[in-house]
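Here is a short briefing for a first look at this structure. Please keep the sequence and the 3D view open while you read.

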Amino acid sequence: MSQLTITGGRALRGEVTVQGAKNSVLPILAATLLARGPVELLGCPRLRDVDASVRILRHLGCDARWEGSSLVVDTAGLNRCEISDILMREMRSSAIFLGAILARCGQADLSYPGGCELGPRPIDLHLSGLRDLGAEIREEGGVLRCRAPRLMGRELILSMPSVGATENLMLAACGAEGTTVISNAAREPEIVDLQMFLNACGAKVQGAGSSSVTVEGGRTFHGCTYACMPDRIVASTYLCALASAGGSVRLLGARERHLATVTAALREAGCAIASDEGGLTAVCRQRLRAVRAVRTAPYPGFPTDAQAVLMAALLRSRGTTVFEENIFENRYRHVDELTRMGARIRVSGRTAVVTGVETLHGAPVRCTDLRGGAALCVAALGAEGETQVSEICHIDRGYEDIARDLRALGADIVRVETEER
Ligand code: UD1
């Protein structure tokens, strides 16, 4: 199994370009199904989840090929509207293909996306929104059989601002007749990116970034060339790496407005962070302070995806920080691994209380999920001695090459490959 070996206690110094956003590129790859011409995605991150989306597109008959760091998708050959169970299970966000296939083909057969390490991840909001647009959905032995010869636009009210449901319904609404308004929509920057991509292909979508998104359906979509947004969680991870190890780094392409709650917490902890057109520059020279309670919430609140990496950065802070996880049920699985490194964390239900310690020590630790795995790397950079991080396949789902990036920032980190990725 591949693993990362990290020797901590070395201040960071350097710069790195932040990769394209996983959570933006995955719905955009599903959205390519709507385009009747080739789509070129510039700076598409090479990730396990992107590979899984490419496999789904190819399975559907589409052509998807890499040209350097661009991914070119041509859906002209689309000849299927079902996705096999094996492909669906590879990636949690495969459900997003449902709205796109329905919009393009009027029918779709696919199974539920795989179970999740973060706890239950239902898609009931996706399904009820699609039904409201006129889709007939039956479940037969774990397979969702969806039929929608005609989708009709209307107002859809989400009972909670689900990111995936908002995206799925935006895609389906593009294939509906008339206007769809999605109320209580998620407001994440990735939704804005999806809107920009769809409009670049000829769609008329407005309001993304607010809680009401309007889609005028029935338009013809053409191909386009599009550069997706920089990954705000990867940028947050590298800022937390700096906070853990100390030093001075520059993150090219990072946009502070996308991660304002994360930078606010890090400033409160004692980091200096400056933002300009080209990215972010961050300096951290002293032991951090604990910060006010960190409560995860839908955007523009503190992102659940940055909870673990911030926690890792604060393990050696002065004082006590309370974390409250409000999005996913099972999002403290990294805690036991951090404890092996000498961290003091008490978990009770959705709350985790971190009491800063003077020193952390290296240890063999195991990734439990994507962001939890990144948090182990962040903690290891601030720990004395060597840490071996195993089961890094989780990290590969969302980071193009975390070892390459952290090395560019001056970290002592090597990836030991013992099998094919
Ligand atoms: C997306 C992100 C993920 C991030 C999450 C929250 C992608 C590919 N993934 O996931 O990295 O952590 O947003 O910011 O963009 N829910 C339901 N029923 C539904 C849908 C969701 O109950 O039909 C619940 C979920 O269980 C969860 C909450 O709503 O508790 C938020 O989920 P959602 O916003 O949908 O997250 P994802 O789109 O899965």
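Strand E20 (residues 344–348) runs antiparallel to strand E21, and 5 bridges join the two. Strands here pair if DSSP finds at least two bridges between them. This is a predicted model: local features need pLDDT of at least 70, side-chain atom pairs count only at pLDDT 80 or more, and totals for chains, interfaces and linings use all residues. Residues are numbered from 1 along each chain as its sequence is written, and side-chain values use heavy atoms, with hydrogens and water left out.

**Strands around E21**

- E20 and E21 form a hairpin with 2 residues between them.
- Gly349 sits in the turn of that hairpin and has a positive phi of about 60 degrees.

**Overall build**

- The protein has 14 helices and 24 strands. Both are DSSP runs numbered from the N terminus: helices are H or I with at least four residues, strands are E with at least two.
- The radius of gyration is 21 Å, close to the 22 Å that the globule rule gives for 421 residues, so the protein is as compact as a globular protein of that length. The radius is taken over C-alpha atoms, and the rule is 2.2 Å times the number of residues to the power 0.38.
- Along the principal axes, the C-alpha atoms fill a box of roughly 65 × 45 × 40 Å.
- Of the 421 residues, 58% are buried. Buried means under 20% relative accessible area, exposed means over 50%, and partly exposed lies in between (1.4 Å probe, protein chains only).
- Among contacts with a separation of 6 or more, 73% come from residues 24 or more positions apart. Contact means heavy atoms within 4.5 Å.
- The accessible surface comes to about 16100 Å², and 47% of this belongs to carbon and sulfur atoms. Accessible areas come from the Shrake-Rupley method with a 1.4 Å probe; for residues, only the protein chains shown count as cover.

**Aromatic rings**

- A search of the whole structure finds 1 aromatic pair.
- The ring centres of Phe197 and Tyr226 are 5.7 Å apart and the planes are at 80 degrees, so the pair is edge-to-face. Rings of Phe, Tyr and Trp (its six-membered ring) pair if their centres lie within 6.5 Å; planes under 30 degrees apart count as stacked, over 60 as edge-to-face and the rest as tilted.
- Phe197 lies in helix H7 (residues 189–200) and Tyr226 in strand E14 (residues 224–227), so the pair ties together parts 29 residues apart in sequence.
- Phe197 is buried at 0% relative accessibility, and Tyr226 is buried at 8%.
- Arg46 lies over the face of Trp66, at 4.1 Å from the ring centre. A charge sits over a ring if NZ of Lys or CZ of Arg is within 6 Å of the ring centre and within 35 degrees of the ring normal.

**Backbone details in loops**

- A cis peptide bond joins Tyr299 and Pro300, with omega about 10 degrees.
- Pro300 is in the loop between strand E18 (294–295) and helix H10 (307–313).
- Asn184, a residue other than glycine, has a positive phi near 55 degrees. Asn184 lies in the loop between strand E11 (179–183) and H7.
- Glu391 is not a glycine, yet has a positive phi of about 55 degrees. Glu391 lies in the loop between strand E23 (386–390) and helix H13 (393–396).
- Asn184 is partly exposed at 30% relative accessibility, and Glu391 is partly exposed at 25%.
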